[in-house]
Amino acid sequence: MSDDKGYQKDINIEIKSRKEKGVMFSQAMKNHQLMGLFIQTPHGIISEFAASLGFDFIILDGEHSVYQIDQLHSMVRSNRNTNTYTMVRVPTLSYEYISRYLDMGADSILIPQAQSVADVEKLKEFVMYPPDGKRGIGPVAMVDYGLSIGSFKDDKYKSTNIALQIETKGAYDDLDKILEYDFIDSIFIGPVDLSMSLGVFMEFDNPILIDAIETIITKTKKAGKSVGIYGSTPDSASRWLEKGANYVAIGTELSLMADGLKLFLDEMKS
């Protein structure tokens, strides 16, 4: 829609998501370089709108936002009808959160604040079924509320994609050991927390941080796993894609909204 003053303009969306029918998120990460967005607002309108713009994936941020479990569940399920993969970041490393988030049937779950390889061993118990772990199975959304539970006989981990954040010095120091765990599909780098943990907070051009990020990317890909990173600007996103990252989250919907609103206000007031 458009009026003579250009108050509201048509948007011709040409960018298409790289989500392919029948292709799991873990495989898509290896087939293409993917572009995504963190979603902080706990409402399906926002996630559906972001998906319609052509983002390859969204991350529902259960760690730093105010999501309730029913809101996350509804957003995960409704997003299955879009062309965008859904990753959910859990609030903390606990069976209560991880098992329930997995049961929703998200394409991936993201585990923050791992401090060492000991946390990864604990995580293994939460995400693996017996005899490898302690995860339970029930009539949940992931198996169509029990209707497809028999499919687990063929491949009980087919739809489970586990991404681990490397954002602490302890996890970085234990990276080689962490990458030995087969159940971890992907590593996601959190530059802000990692910079703080390495003593160079918000110094994104500091050689200490740059070297750490490049090391994580190189070692992760050598281990046959995909690697992603948070890039809050087009320049930083492009930088890490060029360095070999498989997927990049380019900020949050609120940060992008703020940028757009500030630009509009500045133009109107100038």
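**Briefing: a predicted barrel model**

Eight strands form a closed barrel in the order β1-β2-β3-β4-β5-β6-β7-β8, and their pairing is parallel. From one strand to the next, the twist averages 25 degrees. The model is a predicted one, with a mean pLDDT of 89 for the protein and 90% of its residues at 70 or more.

**Confidence along the chain**

**Barrel strands and a packed helix**

- Strand β1, made of residues 34-39, pairs with strand β8, made of residues 247-252, in the parallel sense and over four bridges.
- Within this pairing, G36 has A249 of β8 as its bridge partner.
- Helix α4, covering residues 95-103, packs on the sheet and touches β3 (85-89), β4 (108-111) and β5 (162-166), while its direction makes about 160 degrees with that of β4.

**A50 in helix α2**

- A50 belongs to helix α2, which spans residues 44-52, and it counts as buried because its relative accessible area is 4%, under the 20% that sets the limit for burial.
- Leaving out residues up to four places away in sequence, A50 touches L37, I39, F55 and I58.
- The C-alpha atom of A50 is separated by 9.2 Å from that of G36, a residue 14 residues apart from A50 along the chain.

**Helix α3 and its cover**

- The buried residues of helix α3 are L72, M75, V76, R77 and N79.
- These buried residues of α3 are covered by elements that include the strands β1, β2 and β3, together with the helices α2 and α4.

- E63 is found in the loop that lies between β2 (57-61) and α3 (69-79).
- Is E63 buried or exposed? E63 counts as buried, because its relative accessibility is 19% and the cut-off for a buried residue is under 20%.
- Which residues is E63 in contact with, once its neighbours within four places in sequence are left aside? They are R89, V90, P91, P112, Q113 and Q165.
- With one of these residues, R89, there is also a polar contact, made between the side chain of E63 and the side chain of R89 at 3.3 Å.

Technical notes: Residues are numbered from 1 along each chain as its sequence is written. This is a predicted model: local features need pLDDT of at least 70, side-chain atom pairs count only at pLDDT 80 or more; totals for chains, interfaces and linings use all residues. Side-chain values use heavy atoms; hydrogens and water are left out. pLDDT is the predictor's confidence in each residue, from 0 to 100. Helices (H or I, at least four residues) and strands (E, at least two) are DSSP runs, numbered from the N terminus. Buried means under 20% relative accessible area, exposed over 50%, partly exposed in between (1.4 Å probe, protein chains only). A polar contact is a pair of N or O atoms within 3.5 Å; within protein, one must be able to donate a hydrogen and the other to accept it, and residues adjacent in sequence count only if both atoms are side-chain atoms. Contact means heavy atoms within 4.5 Å. Two strands pair if DSSP finds at least two bridges between them. Axes are lines fitted to C-alpha atoms, for helices over the stretch in contact, and angles run from 0 to 180 degrees between N-to-C directions.
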